[in-house]
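Dear colleague,

I am handing over the structure below, and I would be glad if you could look through it alongside these notes.

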Amino acid sequence: RLISISELPDWTQKAFGRMQKLNRIQSQMFSVAFETGKNLLLCAPTGAGKTNVAMLAILHEIGLHRNKDGSINKDEFKIIYVAPMKSLVAEMVQNFGQRLQEFGITARELTGDVSL
């Protein structure tokens, strides 16, 4: 069963833009990525939806630091996304940066000569 974006908590839905539903892989990974704090490894072809699974895990962590008034305690956590190529890192910083802007969260690129 494909999970509709409208089934996600209201505060998370804006991270998915105009998407209507998670795809098959995202729907299968939803429970572990969004509802648990468990580690996961997802191996899937390019275009299969791995970025949205990562976003579900990111939203899970944000939710752990979200106050009743909707504010987020941003100083309580960091999320690290590891990618094998610098060009992919730049692409993901832009993607996550745009999607997390609504939450007041900044995505940054980290290399060996930069610290957070």
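What follows covers the packing of the helices and then the pocket.

This is a predicted model, in which local features need pLDDT of at least 70 and side-chain atom pairs count only at pLDDT 80 or more, while totals for chains, interfaces and linings use all residues. Residues are numbered from 1 along each chain as its sequence is written, and side-chain values use heavy atoms, with hydrogens and water left out.

Helices here are DSSP runs of H or I with at least four residues, numbered from the N terminus. The axes of α2 and α3 come within 9 Å and cross at roughly 25 degrees, where axes are lines fitted to C-alpha atoms over the stretch in contact and angles run from 0 to 180 degrees between N-to-C directions. The two helices α2 and α3 are therefore roughly parallel, a term used for angles under 35 degrees. Their contact (heavy atoms within 4.5 Å) is made by Q26, M29, F30, A33 and F34 of α2 and N52, V53, L56, A57, L59 and H60 of α3. By class, these residues divide into 8 nonpolar, 3 polar and no charged, with Ala, Val, Leu, Ile, Met, Phe, Trp, Tyr, Cys and Pro counted as nonpolar, Asp, Glu, Lys and Arg as charged, and the others, Gly among them, as polar.

Helix α3 (residues 50-64) also packs with helix α4 (residues 86-100), at an angle of about 45 degrees and with their axes 12 Å apart, so α3 and α4 are oblique to each other. On the α3 side the contact is made by T51, N52, A54, M55, I58 and I62, and on the α4 side by M92, N95, F96, R99 and L100. This contact has 7 nonpolar, 3 polar and 1 charged residues.

Turning to the pocket, α3 gives the most to the lining of the largest pocket, with 9 residues. The elements that give two or more residues to this lining are α2 (24-34), α3 and α4. By class, the lining has 18 nonpolar, 10 polar and 5 charged residues.

Best wishes

Technical notes:
Angles under 35 degrees count as roughly parallel, over 145 as roughly antiparallel, 65 to 115 as roughly perpendicular and the rest as oblique.
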